[in-house]
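The model is shown first, and the description follows.

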Amino acid sequence: MDTKIKDIPIYENRTTYGYELTFDVKYWLKWHNDYWSISIVLSAMYVFACIAGQKWMESRKPYNLRSMLSLWSFVLAVFSIMGACKMVPELLSVLLNDGFHASVCRSSYVNNVEQLFWHWLFVWSKLFEFGDTAFIILRKQKLTFLHWYHHALTLICCFSFFPSTVGINRWTGTMNYFVHSFMYSYYSAKAMKITFPKLIPMFITTIQILQMFIGLFASVYTVAMKFGGFASQCNISKGQSLFVFCGYLSYFILFLNFFINSYFIKKTQAKKLN
């Protein structure tokens, strides 16, 4: 697919900074196209580190790390808010002007260096978010399958999908920035022992589930286009459409299961004990 950058703004009233305009798009698209498989190695190392880290902490007392965790989450919250402010307007513009099909199946964002820069930052942020797991292990909190599976698979998805600049990338990046704006802000405050009503963590999990549901819906749409006789109308391969569908389906099931177990089953069990 042609990824030549044109001087055509996708939406008006943008605030573009110098570092965004100097982003070497062609270099990084080629780099990820040639070396995306490194994400598989990094994810495998991450899973091994999860196992080894928990084993290493078995005989040790948990570290407090509250201040560091709050700062870490605060930085990621600010980053996510900045990313959302950059990418949400573009997604809304495409939806309002060109419709849902264009937002999923057309990659008009490749005409905008700013958008590609924030897509690229989103991709690499998935590697830095491995740090979330380090805090869980060092504080001897429960490391769930949902947590490490989601982190490992998301890194591979982002690294492999970025160079193909498929339309569904805008949904993946934009939704993640938006949800993480709330999630990391909450984590930062919680680490500083700021208390919240139960509705707040429920809201965070709800928008995570909604994110996965929308991603699942978008991926089903691409599968329908590719296998329903409209392959030429959607710039994603059959393999990619199936891969993203399976990924979002697994995420949706796992997050929904977490929500039910956390806020309904445990609540029912607590009532029985009382």
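## Fold and aromatic pairs

The secondary structure of this protein amounts to 11 helices and 0 strands. Read from the N terminus, the order of elements is α-α-α-α-α-α-α-α-α-α-α. The radius of gyration is 20 Å, close to the 19 Å that the globule rule gives for 274 residues, so the protein is as compact as a globular protein of that length. The model is a predicted one.

Along the principal axes, the C-alpha trace spans about 60 × 40 × 35 Å. Of the 274 residues, 48% count as buried. Among contacts with a separation of 6 or more, 85% are accounted for by residues 24 or more positions apart.

The accessible surface comes to about 14,700 Å², and carbon and sulfur atoms hold 68% of that area. As for charge, there are 25 positive and 12 negative side chains. The centres of these two sets lie 18 Å apart.

Aromatic side chains form 31 pairs in the structure. In one of them, the ring centres of phenylalanine 79 and tyrosine 177 are 5.5 Å apart and the ring planes stand at 65°; the pair is edge-to-face because planes over 60 degrees apart count as such. Phenylalanine 79 sits in helix 4 (residues 66-98) and tyrosine 177 in helix 9 (residues 169-191), so this pair links distant parts of the chain, 98 residues apart. Phenylalanine 79 has a relative accessibility of 19% and therefore counts as buried, the cut-off being under 20%. Tyrosine 177 is also buried, at a relative accessible area of 1%.

Another pair joins phenylalanine 117 and tryptophan 120, with ring centres 6.1 Å apart and planes at 35°, so the pair is tilted. Which helix holds phenylalanine 117 and tryptophan 120, and how many residues apart are they? Both belong to helix 6 (residues 113-128), and because they are 3 residues apart there, about one helical turn separates them. Phenylalanine 117 is buried, with a relative accessible area of 9%. Tryptophan 120 is buried as well, with a value of 15%.

The table sets out the two pairs.

| Pair | Centre distance | Plane angle | Class |
|---|---|---|---|
| phenylalanine 79 and tyrosine 177 | 5.5 Å | 65° | edge-to-face |
| phenylalanine 117 and tryptophan 120 | 6.1 Å | 35° | tilted |

Note on methods: Residues numbered from 1 in each chain as written. Predicted model: local features only at pLDDT ≥ 70, side-chain atom pairs only at ≥ 80, totals over all residues. Heavy atoms only, no water. Helix = DSSP H or I, 4+ residues; strand = E, 2+ residues; numbered from the N terminus. Rg over C-alpha atoms; globule rule 2.2 N^0.38 Å. Buried < 20%, exposed > 50% of the residue type's maximum accessible area, 1.4 Å probe, protein only. Contact = heavy atoms within 4.5 Å. Areas by Shrake-Rupley, 256 points an atom, 1.4 Å probe, with all protein chains shown as cover. Lys, Arg positive; Asp, Glu negative; His and termini not counted. Charge placed at Lys NZ, Arg CZ, Asp CG, Glu CD. Phe/Tyr/Trp six-rings, centres within 6.5 Å; stacked < 30°, edge-to-face > 60°.
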